[in-house]
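Let's take a walk through a few spots in this model, with the sequence and the coordinates side by side.

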Amino acid sequence: MSAEQKADAGGRRGFALSRHAFTRFWHVHAWAGVLTSLIVYVMFLLGSLVLFYKPLTIWEEPLVQRRPVELNSLQSLLELAGPLPDEFWLYLPQSDRALPKVGYYLPNSTAWRMWWLDIEHGQVIPQRELAAAYLYDLHYLWHDVTGYWLQYGAGVLVFGMLLAIVTGVLIQLRNATRQLNQFRPDRTTRVLFSDLHKVLGVFGLPFQFVYALTGAMMVLSPLLFELSIGPVFGGDSTRAADTAGALVEEPPPRDYGPPRRGLSLDALWMRARAAEPRLMVESVVFRGYLQEQGTVDIRGEVEGQPFGDGLVRLRARDGHVELVETPDNERAVGTVARWIHGLHTVHYGGLQVRLLLALLGFAGCVTILTGNWIWLERRAARGLRRGDVLLARLTAGVGAGAIVAVCALFLASRLMPMDWLPRLKVEERLLAVTFLGCIGWALAEREPLEAWWRQLLLAASMLAVTPLAARSASQAGLFGAGPKLEPVVGVEIGMYVLASVLLATALWLRKIARRRADEAERKPQAAAAQPHEKHKLEVQSK
Amino acid sequence: MTESLSLVLVFLAALSARAADRHASGVRRGAALRPARVVAGRGFALAALGLATWLWYRVEPGPAAFLAVLVAAMVSASACALLGPIAPRLLHAGAWLCLPLALALLALGAVP
């Protein structure tokens, strides 16, 4: 049924949208969806995985598979770290981060680097494993090479997805209650994809909408901030940064004055705790380190507050409290930033909620893929054009390729020795090469379904082997000889669950592919047999 | 454990709402008492959701309780809609397991 026919059918049932509006919304939904689908799919897939970012960082780095180190002095961390730039972050030990670490941007670049501070042995160890960080950054299309422009592009694309969501709701509104539970897997492929798309799209609507909106606002906030400095704040970037507050992670550069040694970090911490006793300090941000106007942000959760992130800003030279921002003592912009951040990064609920959100994330990926497949099925009836064939193969390449690339990254991270210096570069390049290779593979396959099941099978195989390979790096996992650590075991169990799902899906798709291949073979044979049968009938009738 | 009990209640709410919808649409057999079954099913679903929210609120006050229950409701509703036609026995097994699971959690002190 075409969009116009559906609009007419809706009109006969007294539907509010006019035929013109319905048709337009239908086309906008279809085009917005298909144009943004593959990139948004990757963002949703990686986003679902980075819900478990902290357990992954523990799984991947044996150094932190221990009890959190106890600190006698915070200042000793700065002394151990050695020379530090004007702006850096100091992360204190937590239950999910056993060692402190320091991080900063390399001078005149957007390259972020971190070092573990092993205070017990007096060592500064460069971060040796970034698999989880790669997934986190790629989730919003950030990379040192591409910089902010691709991240901003991601934010804009997500608005395309929001448009697809809103128009999808409008065109299905009249049928929403009837189709809410309608899932007919025994009907045609097109009906299956359509029902799946609608069920997952409707039930997952609050999740998809909120995550798309908050994600877009998070990635676009630096750009919007930069654009507002001139027209709104008359070029006063300091006032703009003060007004934006927590909406902007990195304030614009400013002159912090001549060199001046400030109070020790321990003294500053005491003053911060005095200003806000409920603050559970997690990190410290230095700006203008060892300079006259330098500041120190003492950050952490505020006990008993929803999405309770708090911040105490002190002047480094004398500990004067410049700002205290907590959920019950903040400006409107702070509330907005806290809710955006808290919702998107799941600052509530615990592991169970993250598991459920991961399921919703994967369901969002299926919603996106089924949208493309519905597009292709509708066009298959009229004959697929080159663009449709390309879309079908790209959907397979990106859809399965992203999964293969992630699995390859995890496996490679365990196969390479932890102290092998080139491992970070190798991992990064492997991720890119695997992903692009899978896309090339899918483009070369005549039948996209073949690419799907073969690549999913490959991904399942790699994921199944990864916990075994992890023994070489750590003994805290499922197959390790040492004491088991909950996050490490949890990640490996998760890998086996995902591997099972991928294997089952691959075998199911293989079965469908075989059946289609058999049907395709039988059709020419049946057509070739028909003239013979006709001749037989003619002979019999004579 | 309180959170787990809350999630079990959300799943029961989703099952109940689905059953009520099937009664309302006439898919389920038995025209007699259909309106009553629909009202009872939906009423039970709402009550279960309310109880689930209250339980989660006891552990994590604030908006977290409503958000957690909403997330669980989205997953449960999707699972019920998809598993119903594909694996109805699995769904029924899940439903039958909910009550003993809820009782076990209660016995273990899930309600603070």
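In which helix of chain A is A:Leu468 found? A:Leu468 sits in helix α16 (residues 448–469) of chain A. Do keep in mind that this is a predicted model.

**A nonpolar surface patch.** A:Leu468 is partly exposed, because its relative accessibility is 37%. Together with A:Leu478, A:Phe479, A:Ile493, A:Val497 and A:Val501, A:Leu468 forms a nonpolar patch on the surface, and the accessible area of these residues together is about 480 Å². The biggest contribution comes from helix α17 (residues 486–541) of chain A, which gives 3 residues to the patch.

**A buried glutamate in a loop.** Now turn to A:Glu61, in the loop that runs between α3 (53–60) and α4 (75–81) of chain A. A:Glu61 counts as buried because its relative accessibility is 2%. The side chain of A:Glu61 reaches the backbone nitrogen of A:Leu63 at 2.9 Å. Beyond neighbours within four places in sequence, A:Glu61 is in contact with A:Trp116, A:Arg128, A:Glu129 and A:Met418.

**Cysteines.** A disulfide is a covalent bond between the sulfur atoms of two cysteines. Over all chains, the count of disulfides is 0. A:Cys407, for one, is in no disulfide. The sulfur of B:Cys80 is too far from the closest cysteine sulfur for a bond, because the distance is 9.1 Å. Both cysteines are set out here:

Note on methods. Residues numbered from 1 in each chain as written. Chains lettered and ligands numbered in written order. Predicted model: local features only at pLDDT ≥ 70, side-chain atom pairs only at ≥ 80, totals over all residues. Heavy atoms only, no water. Helix = DSSP H or I, 4+ residues; strand = E, 2+ residues; numbered from the N terminus. Buried < 20%, exposed > 50% of the residue type's maximum accessible area, 1.4 Å probe, protein only. Polar contact = N/O pair within 3.5 Å; in protein donor to acceptor, adjacent residues only side chain to side chain. Contact = heavy atoms within 4.5 Å. Patch = residues over 30% accessible without salt bridge, like charges linked within 9 Å, V, L, I, M, F, W, Y side chains within 5 Å. Areas by Shrake-Rupley, 256 points an atom, 1.4 Å probe, with all protein chains shown as cover. Salt bridge = Lys/Arg side-chain N within 4 Å of Asp/Glu carboxyl O. Disulfide = S-S within 2.5 Å.
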